[in-house]
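Trainee: I want to check the strand assignments one by one. Can we go through the reasoning?
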Amino acid sequence: MNKRVFALLLCVLMCMTMLPVPVFAEGESNAAEMPAPPASESFSVVFDAQLPYALPETQIVAAGGFVQEPAEPTAQCLRFIGWFMDPEGMFPFDFGTPVLGDMMLYAGWEDAHSWGEGIVSEPATCTVDGVKTFACPVCGAVKTEAIPALGHQWGEAEITTPATCTEAGEKVTRCLRDSSHVGVEAIPATGHQWGTGEVTKAATCTEAGERSYTCALCGEKKTEEIPAAGHVLVPVEAKAATCTEDGVKSHYECKVCGAVFFDQTGSVAHPAQDAVIEATHVLEHVDAVEGGLPEHWLCTECGKMFSDEYGNGEIKNENAENGSSEEDQGSVKAQGEEETPCEHKLKEYPAKEATCKKAGNIQYWQCTVCKKYFSDAAGTTEIKPEDTVIKKLEHQFVNFKCILCGEMLLDYLGNNYDEERNPHLSPTVAHYGCTYSIIYHVPYNKSNPPAVIMGDGVSQWVVPQKNPETGATNYQMKKSSDGKSTIITFSKSFIRSLRKNGTYLVAMWDGSTYISNILEFKVSSSPLTGDESNIGLWIAIGVISAAALAGIATYLIRSRKKNSRSGRHGGQRKR
């Protein structure tokens with residue numbers, strides 16, 4: 001067949017499959033829509049009564065005609081319920097449907113036996129169903145029905161094995177209908193009866209305790225851990241230290257065990273001493289006065305004077321503090337007589353400006369007889385020795401250099417720290433035998449000063465403000481002149497106590513966190529004699545310059561000799 005013809009036929013068939021097909025609802029006749037068959041055609045309709053003794057009945061019906069409903073069949077102990085298109089009686093036949101082909105119709109029946117109440121042919125037992133038999137008196141038909149098993153009727157249980165605290169027991173029951181039926185049931189273990197127990201070891205804030213129990217049934221014993229109670233923290237307000245009385249940092253203290261914490265959660269316990277702000281004097285250096293007080297250090301807070309910078313040796317100057325003695329005043333006082341006033345012999349001391357390195361003094365006068373101080377040449381206004389002192393000035397650092405005295409700040413931390421522009425500052429150097437200052441851009445809190453933390457790469461420790469063994473001051477902490485920063489100055493003795501050429505870390509700690517940057521510095525084995533940051537460069541420049549000068553000098557000498565010889569030889573040729 002030609003391929004084109006085959007393809008055309010296939011397209012026609014596909015179009016025919018897409019034509020609409022009429023759909024009819026259940027019971028709806030489609031006789032009107034379907035074309036009438038030829039009048040000469042007829043079909044047979046067979047009626048099957050579905051009885052063993054009845055023959056099928058057949059009707060011949062013209063095509064498109066209607067079948068006549070026959071007389072209802074009858075049968076003993078059965079009731080006719082209609083004609084169906086299937087033997088099972090699922091689809092009833094509608095006699096108003098035109099006949100369009102041969103068909104078979106089936107009679108439908110339902111039971112109409114007189115069964116009565118039946119008799120028990122096999123009684124039911126506890127576990128086996130019984131049987132009841134029914135017989136129809138009309139037709140003699142017989143049927144049976146199952147009688148459900150009765151189930152056991154258990155009597156009172158008998159405990160054969162009592163349960164214990166840890167092991168299950170057992171009990172037995174017998175059926176009242178059949179004693180041969182025996183049921184066995186487990187009795188759950190009773191479990192221990194521990195009661196409330198007894199505390200054999202009390203728990204503390206940090207250590208667990210122990211509670212002991214004894215079972216009231218079997219006497220078995222056990223112990224349980226009592227969790228640590230935890231600290232009960234109460235806040236302790238900060239108290240500023242004075243020159244003679246220790247202060248206290250703001251902290252939390254456990255009212256049960258007395259442990260000290262710097263955080264509200266009580267995460268890390270500290271020795272009680274860590275919360276103490278040691279009493280310390282704020283000392284200013286005062287030069288010796290000819291005919292008066294020697295060189296000393298004056299506390300600007302309480303007015304006491306000391307012989308060293310650490311406030312160890314107090315100078316007792318009763319004349320300066322309480323006036324003069326009777327002998328110094330040159331006064332004569334008999335019993336019952338009034339004091340003879342001192343005829344002051346005043347010596348003038350000119351004013352000295354304070355610098356960053358030394359305290360200054362105002363212009364004042366001192367009596368060489370009674371040693372009293374006066375602010376005027378007439379000796380009418382008496383003042384205290386400390387009133388003559390002008391406190392040492394604070395450094396004013398700009399770009400790491402004090403604009404007042406020119407001192408370089410080798411360990412400046414904060415927003416102005418520039419490692420590229422000042423590479424010699426990382427790490428900074430603390431020179432052996434010199435003091436060492438750090439400025440942190442953190443406001444100084446005198447009432448609750450922070451701790452100073454140091455580390456050497458292996459361990460870290462809190463630096464006490466005073467050496468607990470010698471009493472020497474390790475460092476002084478004070479605010480900067482603008483009040484925005486904290487200055488920590490380590491003493492010479494503390495720097496000497498550190499390992500030479502050792503590298504250390506230092507920062508401020510408020511008890512729970514670092515409140516400053518961490519600075520790294522190195523302890524130099526040599527004292528500070530100037531800016532050594534570029535000494536290698538200067539030496540190299542000096543060597544190169546000397547070599548260059550030597551080379552130039554050699555060249556000039558040789559050139560001069562050569563010219564001299566050339567002149568002599570030329571003269572001889574001319575003659």
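Mentor: What follows covers strand pairing in this predicted model.

Trainee: What makes β3 and β4 a pair?
Mentor: Pairing needs at least two bridges. β3 and β4 (residues 103-111) are joined by 6 bridges. So they count as paired, by that cut-off. They run antiparallel. L78 stands opposite D111 in β4.

Trainee: What is the strand order in the open sheet?
Mentor: The order of the 4 strands is β2-β1-β4-β3, and the pairing is mixed.

Trainee: Why are β2 and β3 said to stand at the edges?
Mentor: β2 (57-62) and β3 (78-84) each have a single partner strand, so one side of each lacks a neighbour in the sheet. From one strand to the next, the twist averages 25°.

Trainee: How do you know that β5 pairs with β6?
Mentor: The cut-off is at least two bridges. β5 (residues 119-122) and β6 (residues 130-135) have 3 bridges, so the pair qualifies. The two run antiparallel. E122 stands opposite V131 in β6.

Trainee: And what makes β6 and β7 a pair?
Mentor: Again, at least two bridges are needed. β6 and β7 (residues 142-147) have 6 bridges, so they pass. Their sense is antiparallel. V131 stands opposite A146 in β7.

Trainee: How many residues lie between β6 and β7 in their hairpin?
Mentor: There are 6 residues between them. G140 sits in the turn, with a positive phi of about 80°.

Trainee: What holds paired strands of a sheet together, in general?
Mentor: Backbone hydrogen bonds pair the strands of a sheet, either parallel or antiparallel.

Conventions
Residues are numbered from 1 along each chain as its sequence is written. This is a predicted model: local features need pLDDT of at least 70, side-chain atom pairs count only at pLDDT 80 or more; totals for chains, interfaces and linings use all residues. Side-chain values use heavy atoms; hydrogens and water are left out. Axes are lines fitted to C-alpha atoms, for helices over the stretch in contact, and angles run from 0 to 180 degrees between N-to-C directions.
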